[in-house]
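Hi,

Here's the structure I promised to pass on.

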Amino acid sequence: MSSAATKVAQSQQPQPAAEAPPTGPGAPVRQATDYSSYRVVAAKHPGRWVGTAVVALGVLAVAWSLATNPRWEWGVVAQWFTAQSVVNGLVETLKLTAISGVLGFVLGFILALMRLSASPLLVSVSWTFSWIFRSTPLLVQMLLWYNLGYLYEKISLGIPFTDVRFFEVQTTTLISQFAAAVLGLTLNQAAYSAEIIRGGILSVDQGQLEAAAALGIPGWRRSTRIVLPQAMRAILPTAFNEIIGLVKGTSIVYVLAYSELFYTVQVIYNRTQQVLPLLLVATLWYIVITSVLSVFQYYIERHYSKGAVRNLPLTSLQKARKFFATHAAVPNRRNF
């Protein structure tokens with residue numbers, strides 16, 4: 001037999017199985033590998049460092065320009081930032097935001113329930129309201145309400161289609177600058193709030209309502225204890241965005257010559273000709289207001305996220321504590 005045939009025959013013979021390590025009470029114990037002498041090497045992210053360096057240079061360039069360009073006139077900004085007239089305008093802006101926001105969301109909640117009703121008339125009225133007020137600019141609505149006296153000389157309350165009147169007043173007396181501003185902002189906000197609330201209610205799984213109804217839970221309790229808490233998680237982010245938009249939307253009231261923040265700033269820079277510094281004053285105040293609202297939004301959303309996430313998101317203070325607790329022991333780590 002040739003050597004080639006001998007090799008083929010040997011390869012076809014069954015090979016002995018690998019010897020298994022001995023087990024049992026008398027088997028030798030394997031020693032665990034000691035990794036204490038291994039050097040821990042951090043992962044390298046060159047792209048991240050390059051991007052960070054580019055952004056840092058951009059931020060430093062902007063900061064340097066803001067600090068060294070005398071045309072920003074930061075002294076004038078500091079002078080007018082807490083001036084009494086500016087603070088009074090800020091108070092009026094906050095007043096418009098609070099009143100219009102509360103009334104807008106209350107009316108929006110009613111319109112959302114009407115839209116979800118089984119009544120065709122209620123559904124049609126709610127849909128038409130949202131359609132009209134979302135289709136027209138806020139500026140047009142504001143001017144329309146302020147000039148309502150041209151259409152109706154008097155506004156009265158009584159029994160329709162009769163001469164019985166319980167209340168009657170001149171329209172120009174009733175619709176002042178403040179009333180027109182609140183009316184325009186409220187109705188515009190209600191149209192958007194109705195869709196936000198309706199979407200939040202529809203986001204709740206209908207199977208939960210069916211299960212609650214099968215258990216005999218009353219309808220009002222199903223709405224307040226099952227639907228509303230879950231709907232709030234979908235409503236709150238968009239609702240807070242609407243409130244923040246409403247804060248900035250109050251600046252459009254300047255067309256009515258109402259002394260809110262932006263109109264007050266306009267009056268001042270028309271007199272002093274310091275346009276840019278006064279615009280910066282208004283900008284900084286709007287940033288302060290929206291920043292405070294964003295903080296409230298974070299904590300309220302965190303509250304309503306209970307039951308939806310395993311662990312609540314950390315607050316800024318908790319993140320800071322975790323950062324220092326994690327990095328405090330880094331210098332003491334061996335071979336890091």
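**A threonine and its neighbours**

Leaving aside residues up to four places away in sequence, T93 touches V247, T250, E260, L261 and Y286, where contact means heavy atoms within 4.5 Å. T93 belongs to helix α4 (residues 84-115); helices here are DSSP runs of H or I, at least four residues, and strands are runs of E, at least two, numbered from the N terminus. With a relative accessible area of 0%, T93 is buried (under 20%; exposed is over 50%, partly exposed in between, 1.4 Å probe, protein chains only).

Before you dig in: this is a predicted model, with local features needing pLDDT of at least 70 and side-chain atom pairs pLDDT 80 or more, while totals for chains, interfaces and linings use all residues. Residues are numbered from 1 along each chain as its sequence is written, and side-chain values use heavy atoms, without hydrogens and water.

Overall, the protein chain has 13 helices and two strands, and 26% of its 336 residues count as buried.

On to the rings. The whole structure holds seven aromatic pairs (Phe, Tyr or six-membered Trp rings with centres within 6.5 Å; planes under 30 degrees apart are stacked, over 60 edge-to-face, the rest tilted). F81 and W285 are stacked, because their centres are 4.4 Å apart and their planes at 0°. F81 sits in helix α3 (residues 74-81) and W285 in helix α12 (residues 275-304), so this pair ties together parts 204 residues apart in sequence. W285 is buried at 15% relative accessible area, whereas F81 is partly exposed at 22%. Y298 and Y299 pair edge-to-face, 5.4 Å centre to centre with 90° between the planes.

Cheers
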